[in-house]
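This briefing goes with the sequence and structure shown below. The notes are grouped by topic and are meant to be read alongside the model.

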Amino acid sequence: MPRTSSKALFLSASAALALTAGAVGADTLRIGLASEPTSVDPHYHNLGPNNALARHIFTPLIAQDANQLLEPGLATEWEAIDDTTWRITLREGVTFSNGDAFTARDVIYTVCRIPLVPDAPSPFTLYTRAIAGLEAEDDHTLIVTTDGPAPLLPNQLSTFGIISASVSGAEDEVTFGMDGCTGVGDAPASAEFNDPNFAIGTGPYTLGAYIRGEELRLSRNENFFGDAPQWDEIVMRPLTNSGARVAALLAGDVHMIENPPTQDIARIEGDGFTISSGLSNRVIYIALDQGDAPTPGIDGDTNPLQDARVREALALSIDREAIRERLMLGLSEPAGELLPAPMFGTNPDRPAIPYNPDRARELLAEAGYEDGFWIVLGTPNDRYINDGPISQAVAQMWTQVGVQTEVDAKTFSAFIADRNGFNFSAFLAGWGAGTGEMSSPLGALVATRDPDRSLGGTNLARHSNTEIDDLLVEALQTVDDGERERLLREASTIAMDTFAIVPIHYELTTWALAPGLEYEARADQYTLGSAVVRAD
Amino acid sequence: MVAYLLRRLGQSLLAVIAMAVLVFVGVYAIGNPVDILINPEATERQRLEVMERMGLDRPLWEQFWVYFGNLLQGDFGRSFVYGESAMSVILQRLPATMELALFALVLAIVFGVPLGVIAGLKPDTYTGRGIMAGSILGFSLPNFWQGLMMILIFAVFLGWLPAGGRGQTTEFLGMRVSFLNADGLKHMILPAINLALFKMALVIRLARAGTREVMMQDYIKFARAKGLSHRRVVFVHVLKNIMIPVVTILGLELGSMIAFAVVTETVFAWPGMGKLLIDSINRLDRPVIVAYLMLIVFLFVLINFLVDLLYSVLDPRVRLAQRGAQ
């Protein structure tokens with residue numbers, strides 16, 4: 001790091017900062033990550049940091065732009081021929097970073113390999129299970145058949161990068177089979193991808209070195225098919241402690257950091273750094289247990305939360321604007337749904353849930369709880385931005401309308417065990433929609449719990465409304481985009497009108513950058529060094 | 001000596017087993033690692049598949065039995081998070097922690113002992129009082145605050161030293177180390193001082209108390225009466241006699257510096273084992289947590305043993321007592 005100017009010592013602190021930080025090393029971009037990818041293997045761990053890293057080295061068939069809208073990746077076109085058949089046209093003239101040509105064989109190999117990744121803690125089979133048949137019409141055309149209509153296939157194909165069949169040890173002929181492929185050879189272990197000679201993809205960068213816990217080096221891929229990326233080299237360092245991350249940025253050790261703490265943002269900006277923030281696909285919500293009576297966190301034999309009026313009262317008594325202003329310092333957007341507009345399936349006209357404590361008291365009285373009741377609100381305190389303080393604020397607001405609330409804050413690993421064991425009557429959590437459309441939060445959080453249909457996986461409030469279920473199931477089988485969006489909007493409207501779940505706000509994701517750098521905030525919260533540009 | 005060694009070994013084995021059982025049950029009680037690792041959008045069936053693959057669907061005693069069986073064959077299990085051998089994940093981080101702890105230890109001795117002796121010889125002068133006041137600061141300021149202040153002053157305001165990370169490394173005996181090149185050393189200075197300050201304060205206090213006590217002893221008066229120079233009295237007779245408590249305490253402290261340098265490693269983003277432990281606890285990566293703590297127990301036993309050996313070098317009475325016991 002060039003930090004030679006001895007004059008800087010005599011200047012004021014902030015001027016010194018501007019001097020040192022302004023010197024973005026010629027063509028190397030250094031990034032401080034809030035959490036470290038667990039592997040370079042793009043199919044090992046389906047989690048934000050891993051996926052963001054994978055986007056540098058591997059390209060998916062279909063890409064997602066900053067708002068998670070689909071755009072061409074390794075495929076230039078995709079169309080549904082009928083309800084269960086898709087034709088995918090692959091980009092011609094693409095080569096892997098080792099010079100091999102990219103063909104349909106690599107795609108088939110990738111889809112075949114995904115279920116074979118050993119020890120994957122969060123496998124990508126979630127996104128390939130709809131595929132029943134996959135055949136190459138020629139080297140650059142694929143025909144995908146699905147098990148029933150799969151309108152989300154393009155979204156699912158946008159979640160995983162394509163790896164090289166030859167480098168991974170596949171035979172010349174790879175054929176897809178639902179119960180196992182042929183010609184795959186020995187599927188490589190994830191650790192092999194930590195070797196730069198093995199991590200071969202078609203992305204804008206190639207792996208230079210991966211030293212766990214220390215740093216990740218990426219160098220420009222000269223064979224990249226898109227616009228040549230700006231940086232010769234990108235160095236990523238895990239700086240999991242937020243104080244250390246901010247210090248590294250201020251000291252000029254790194255040029256960009258993820259998630260600067262809310263309370264430091266004004267100071268960082270005041271020192272001349274750039275802040276980039278934008279709506280994420282993550283909603284922070286409160287789930288209210290509607291499963292059993294009695295419920296563990298409420299005294300008495302009844303479960304008041306089964307009454308929609310009580311849920312509405314609790315929703316109306318939260319002052320979302322105050323939370324936005326005082327706790328989030330502006331870095332959130334009060335929510336009225338589970339996904340922010342204009343993402344797919346949202347109702348753009350639906351306002352955030354208003355703050356109306358008087359109406360809340362009336363509703364409680366109507367439901368027979370004039371004197372309120374006592375409730376425990378469970379919350380993690382190290383998972384979402386300001387999660388603990390938000391719960392404290394909500395508890396005070398609920399107490400003000402007569403519902404005595406006690407907060408039970410825990411570290412995430414302990415919280416999630418309690419939550420999944422149905423030990424909370426009310427809990428605060430967050431949901432990020434990986435596919436970037438409404439069926440993700442509705443299907444997981446609101447639909448009736450039904451493992452056979454893969455619905456309601458995180459519906460720990462045990463809300464159940466067949467009307468919503470039917471709309472959702474229909475939407476998930478409707479390939480026509482317009483019709484599907486209409487169905488999702490309707491399902492979302494019903495869920496919100498009946499207060500099946502209580503959204504609080506959408507998180508804004510924030511990055512801080514050295515002066516002169518710009519980054520377009522991404523809804524999927526990925527940090528892509530390849531998308532960082534100089535301001536001029 | 002052999003009987004003594006065997007007894008020590010047996011004791012440490014018992015400690016390792018007891019610790020493994022405790023940690024195993026403890027981590028099991030916190031929750032299910034799959035809930036944390038898996039993408040929330042995964043289906044119930046996938047969740048069960050992952051649990052089955054990791055063996056987490058079986059009852060606790062069976063999981064422990066399998067684990068223990070593998071352990072006897074030297075297999076510490078595979079990390080849930082990284083999918084690699086838990087021990088190799090830890091050992092990758094060991095050199096970074098070791099060099100930091102040893103560097104900090106050297107700093108604590110090189111500065112702590114002389115300052116303590118000076119303060120002990122001249123307890124009522126400004127120098128002596130100043131040293132003691134400084135050591136109080138070293139004791140009482142919280143470690144993480146010291147670290148953040150050092151970063152603020154030396155990295156952010158002055159820009160002399162980097163704010164964190166390990167910098168350039170050199171290959172040495174098959175390990176990557178920082179202390180052999182200028183950039184690496186620069187990265188090591190702040191975290192090493194941060195880690196050393198508390199120990200230094202401790203050494204100063206021990207050395208001062210020891211010096212004051214030893215100076216009153218008859219053999220010092222005798223040495224003086226014999227006409228030995230002040231230099232020789234201090235460097236031979238005083239220094240050797242105050243070293244026993246210092247060595248005992250530093251031995252124990254070295255163990256804790258290696259095992260639990262978590263605060264320093266976190267504040268300075270130093271890629272050592274302590275940070276790995278914290279990350280692993282947050283993700284309930286049980287194989288790594290258990291293997292880590294076993295390694296630490298082993299290290300403590302080893303260090304204590306070395307301290308015992310050092311005793312007999314420093315104090316002839318220990319040697320005589322051992323011979324008498326045989």
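**Disulfide**

A:Cys112 and A:Cys181 are joined in a disulfide, with 2.0 Å between their sulfur atoms. The model is predicted. A search of the whole structure, over all chains, gives 1 disulfide.

- The link between A:Cys112 and A:Cys181 is left-handed, with -95° about the S-S bond.
- Distant parts of the chain are linked by this pair, whose members are 69 residues apart.
- A:Cys112 sits in helix α3 (residues 104-113) of chain A, whereas A:Cys181 sits in the loop between α5 (153-157) and β8 (205-211) of chain A.
- A:Cys112 has a relative accessible area of 3%, and because the cut-off for buried is under 20%, A:Cys112 counts as buried.
- A:Cys181 has 23% relative accessibility and counts as partly exposed.

**Strands β14 and β15 of chain A**

- Strand β14 (residues 374-380) and strand β15 (residues 404-410) of chain A pair in the parallel sense, over 7 bridges.
- A:Thr405 in β15(A) is the bridge partner of A:Ile375.

**Helix α12 of chain A**

- Helix α12 of chain A spans residues 412-420, and its buried residues are A:Phe412, A:Ser413, A:Phe415, A:Ile416 and A:Arg419.
- These residues lie on the same side of α12(A), because they cover an arc of only 160° around the axis.
- An α-helix has 3.6 residues a turn, so residues three or four places apart point the same way.

**Contact between chain A and chain B**

- Chain A contributes 56 residues to the contact and chain B contributes 51 residues.
- About 4100 Å² is buried between chain A and chain B, and carbon and sulfur atoms give 52% of this area.
- On the chain A side, the residues that lose the most area to chain B are A:Asp119, A:Arg212 and A:Glu214, which together make up 16% of what that side buries.

**B:Ser88**

- B:Ser88 belongs to helix α5 (residues 86-121) of chain B.
- Is B:Ser88 buried or partly exposed? B:Ser88 counts as partly exposed, at 31% relative accessibility.
- B:Ser88 and B:Pro245 are 157 residues apart along the chain, and 36 Å separates their C-alpha atoms.

Conventions: Residues are numbered from 1 along each chain as its sequence is written. Chains are lettered from A and ligands numbered from 1 in the order in which they are written. This is a predicted model: local features need pLDDT of at least 70, side-chain atom pairs count only at pLDDT 80 or more; totals for chains, interfaces and linings use all residues. Side-chain values use heavy atoms; hydrogens and water are left out. Buried means under 20% relative accessible area, exposed over 50%, partly exposed in between (1.4 Å probe, protein chains only). Helices (H or I, at least four residues) and strands (E, at least two) are DSSP runs, numbered from the N terminus. The arc is that of the directions from the helix axis to the C-beta atoms. Two strands pair if DSSP finds at least two bridges between them. A disulfide is a pair of cysteine sulfur atoms within 2.5 Å. Contact means heavy atoms within 4.5 Å. Buried area is the accessible area (1.4 Å probe) that two parts lose on being put together, summed over both.
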